[in-house]
Amino acid sequence: DGAIAFKDVHFSYDPDRQILKGVTFEVPAGKTVAVVGPSGAGKSTLSRLLYRFYDVTSGSIEIDGQDVRSVTQASLRKVIGMVPQDTVLFNDTIAYNIGYGQFGASREQVEEAAESAQIAGFIATLPKGYETEVGERGLKLSGGEKQRVAIARTLLKAPPILILDEATSALDTHTEREIQASLDDVSKNRTTLVIAHRLSTVVGADEILVLKDGVVAERGKHADLMAL
Ligand code: ADP
Ligand code: ADP
């Protein structure tokens, strides 16, 4: 389960400017749908609506047939794992940020996830079992490192629904390729919404949507869209 349906979704942040003008698509349970399109097209807005950071102006979004507006954000957090573009970390240890002490995760599981996200070495250098804190007064992480913490967290949580919003955009090409492989592993058999700038990063998606001027302008497999 975890099927997602956007039904004629309209949305605007400001009343005088429509961002989404009737967006309809489905992500069948276990499938991967990617949304690409120019910057400012409203791609990230889709994930914010699914997660209920905002609610639709009209239309509806359903998970397994249930309108997300009847579900609390806390409940959505349990079924949706999100790797956002910009990760904000808790002012706590890296291990905690990955999930140690949360949702019953063991130290071994945290280490395994950290390894897949390529921050294991980084964690291991921290003194006395991850006492070092990240945040204002603690260790500073680069954008790419923060993104890897978010990826590790998602790998560990392995929720039925994944949102990858430019999940690897802050990484260098080499790291991106390797982490993409880990993400492909978790997204297999999971309902996954991928948001990406480049078509080249979403080759394996079951369907790709091109969002333009607030509507789905094109849709198809990677090869179909490459031919356009
Ligand atoms: P994309 O992910 O495709 O780059 P976004 O969904 O982030 O696009 O944004 C779509 C449009 O909505 C952009 O023009 C952006 O400036 C605007 N926007 C995004 N967030 C807000 C906000 N909180 N308030 C007002 N406008 C916003
Ligand atoms: P990126 O360009 O990948 O985002 P940064 O330039 O932000 O990387 O950081 C590079 C390295 O410097 C990282 O390993 C990060 O942990 C470290 N770093 C960044 N800011 C600080 C800081 N204020 N104090 C100590 N180390 C920092």
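Visitor: What relative accessibility does arginine 219 have?
Guide: First, this is a predicted model, where local features need pLDDT of at least 70 and side-chain atom pairs count only at pLDDT 80 or more, while totals for chains, interfaces and linings use all residues. Residues are numbered from 1 along each chain as its sequence is written, chains are lettered from A and ligands numbered from 1 in the order in which they are written, and side-chain values use heavy atoms, leaving out hydrogens and water. Buried means under 20% relative accessible area, exposed over 50%, and partly exposed in between (1.4 Å probe, protein chains only). Arginine 219 counts as partly exposed, since its relative accessibility is 43%.

Visitor: Which residue meets arginine 219 in a salt bridge?
Guide: A salt bridge here is a side-chain nitrogen of Lys or Arg within 4 Å of a carboxyl oxygen of Asp or Glu. For arginine 219, the N to O distance is 4.0 Å, and the partner is glutamate 207.

Visitor: How far apart in sequence are the parts that glutamate 207 and arginine 219 tie together?
Guide: Helices (H or I, at least four residues) and strands (E, at least two) are DSSP runs, numbered from the N terminus. Glutamate 207 sits in strand S9 (residues 207-212) and arginine 219 in strand S10 (residues 215-220), so the parts they tie together are apart in sequence by 12 residues.

Visitor: Is helix H1 largely enclosed by the rest of the structure or open, and how many of its residues are buried?
Guide: H1 covers residues 43-50, and it is largely enclosed. Among its buried residues are Lys43, Leu46 and Leu50.

Visitor: Which strand joins S8 through four bridges?
Guide: Two strands pair if DSSP finds at least two bridges between them. One such bridge has valine 35 as the partner of isoleucine 195 in S8. The strands run parallel, and the one joined to S8 by four bridges is S3.

Visitor: Which helix does the chain pass through from S7 to S8?
Guide: S7 and S8 pair in the parallel sense over five bridges. The β-α-β crossover between them is right-handed, meaning that, with the strands pointing away from the viewer, the path from the first strand over the helix to the second runs clockwise. The helix on that path, residues 173-187, is H7.
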